[in-house]
Amino acid sequence: MRRPEVDVAPMDTRDLAYSLISVIDAEGNAVGPWVPQIDIEVVRKGLRAMMKTRVFDSRMLMAQRQKKMSFYMQSLGEEAIGTAQALALNEDDMCFPTYRQQSILVVRDYPMVDMICQLMSNERDPLKGRQLPVMYSVKKAGFFSISGNLATQYIQAVGWGMASAIKGDTKIASAWIGDGATAEADFDTALTFAHVYRAPVILNVVNNQWAISTFQAIAGGEDTTFAARGVGCGIASLRVDGNDFLAVYAASRWAAERARRNLGPCLIEWVTYRAGPHSTSDDPSKYRPGDDWSHFPLGDPIARLKQYLIKAGAWSEQEHEETQKRLEAEVLAAQKEAEQYGTMASGHTFSPAEMFDGIYKDMPEHLRVQRQQLGI
């Protein structure tokens, strides 16, 4: 697909909202006008982060089955989207993710021990047990608090971007949403405000084909594309192969430059596939074939990037195997350390006294009385 200039008029991206931008072909070659200018070491870092995310997801899924945490959500098959965009953004840009972008924290080298402690809500949980597992909040890593209420991050990101522009800053925001959550009113409200106020924001729609047990057609994905909704609101829009690391990086850089130069927001639909269950509470075999993912035409994002790097002479089967073993050991070591501070099965939770801390700058009288009534 063609690659327009970043100052293109939103209406002139209509064809890109109905097609599919990709870079890595079936033979592992980078082809077409969207091939990004990217250092090979950055690509290697991206592959390692994607592999680490998958290993992390696998270990945490097992930990949940062992009742060490109450809940978990994998990003299996979607690792390229968070990883590549995080590498395309600046470290001080703010991401407003949903619950399948843990790869952003992984590639930004946030400590896995802290992530696991949050999942287990133990005595070292940085959020003190006040958030559900996987709902991380890491300001220093540019990772805004995840909310269990769908689509709230869209309007939050637009407001954050507007504030950045008002202050004369060059920081931009990036918001994430699933295909099912586009049915929420906050989605349309965010698009309206982003267009009217030219907010420096990237609006990501991760179309992984399934919203819990509902196929994306229920959310309107069959009659038109999700990217087309952006064009209709006066926002430049792209539809991109979300399992192609290089395409994700290239489109993210394009959208980030457009936002940073005050040329307007961009909506990107990432076409991917939710390879695993929606969460540990879900059984996808009830509503789709068990081997569905293996037939998805866009393939495995890790396998595709691995093939590209091997062809480029920057990776090998041996390095891949060694990296896999090293990452498995690294994740396991982080899990063992985190479990020393407690799990759902073993206890080690917070003192009741701590639920009063960090809420108000000055504790109001009614909470002071409640705390006294608890004798703490």
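Predicted model: local features only at pLDDT ≥ 70, side-chain atom pairs only at ≥ 80, totals over all residues.
The surroundings of Phe56 can be listed in detail: when neighbours within four places in sequence are left aside, Phe56 is in contact with Tyr72, Met112, Met115, Ile116, Leu119, Tyr136 and Val331.

Burial can also be followed along a whole element, and helix 3, covering residues 79–88, provides an example. Ten of the ten residues of helix 3 are buried, so the helix is largely enclosed by the rest of the structure. The buried residues of this helix include the nonpolar Ala80, Ile81 and Leu87, and they also include Glu79, Thr83 and Gln85.

The C-alpha atoms of Ala157 and Val201 are 7.0 Å apart in space, although the two residues are 44 residues apart in sequence. Val201 is also among the contacts of Ala157 beyond four places in sequence, together with Phe96, Ala173 and Ala175. Asp241, in turn, belongs to strand 6, which covers residues 236–241, and this charged residue is buried, with a relative accessible area of 2%. The side chain of Asp241 makes a polar contact of 2.9 Å with the side chain of Arg304. Not counting residues up to four places away in sequence, Asp241 touches Leu20, Ile21, Ser22, Ala247, Val248, Val271, Leu298 and Arg304.

Attention now turns to the spaces between residues. The largest pocket has a volume of about 300 Å³, and of the 21 residues that line this pocket, those closest to its centre are Tyr99, Leu150, Gly178, Gly180 and Ala181. Strand 2 (173–178) and strand 4 (210–211) are the elements that give two or more residues to this lining, which divides into ten nonpolar, seven polar and four charged residues. The second largest pocket contains about 240 Å³ of space. The residues lining the second largest pocket include Lys45, Glu91, Arg108, Asp109 and Lys140, as well as Ala86, Leu87 and Tyr110, and the lining as a whole divides into six nonpolar, one polar and five charged residues. Ala86 and Leu87, which take part in this lining, are also among the buried residues of helix 3.

One cavity of 30 Å³ or more is counted in the model, and the space within the largest cavity is about 30 Å³. The lining of this cavity is formed by Tyr110, Asp114, Gln118, Pro126, Leu127, Tyr136, Ser137 and Val138, of which five are nonpolar, two polar and one charged.

The loop between helix 5 (112–120) and helix 6 (152–166) contains Lys128, which counts as partly exposed at 33% relative accessibility. Lys128 and Gln118 are ten residues apart along the chain, and their C-alpha atoms are separated by 7.8 Å. Beyond its neighbours within four places in sequence, Lys128 is in contact with Phe350, Glu354 and Asp357. Ser121 lies in the loop between helix 5 and helix 6 as well, and at 23% relative accessibility Ser121 counts as partly exposed.

The backbone angles of two residues deserve a remark, given that most residues other than glycine have a negative phi. The phi of Ser121 is near 50 degrees, which is a positive value in a residue other than glycine. A positive phi near 50 degrees is likewise found for Arg198, which lies in the loop between helix 7 (185–196) and strand 3 (201–207) and is partly exposed, with a relative accessible area of 41%.

Methods: Residues numbered from 1 in each chain as written. Heavy atoms only, no water. 1 Å grid on protein atoms, 1.4 Å probe; cavity = no way out; pocket = protein on both sides within 12 Å on 5 of 7 lines; lining within 4 Å. Points joined across faces, edges and corners; volume = space filled by probe spheres on them. Helix = DSSP H or I, 4+ residues; strand = E, 2+ residues; numbered from the N terminus. Buried < 20%, exposed > 50% of the residue type's maximum accessible area, 1.4 Å probe, protein only. Polar contact = N/O pair within 3.5 Å; in protein donor to acceptor, adjacent residues only side chain to side chain. Contact = heavy atoms within 4.5 Å.
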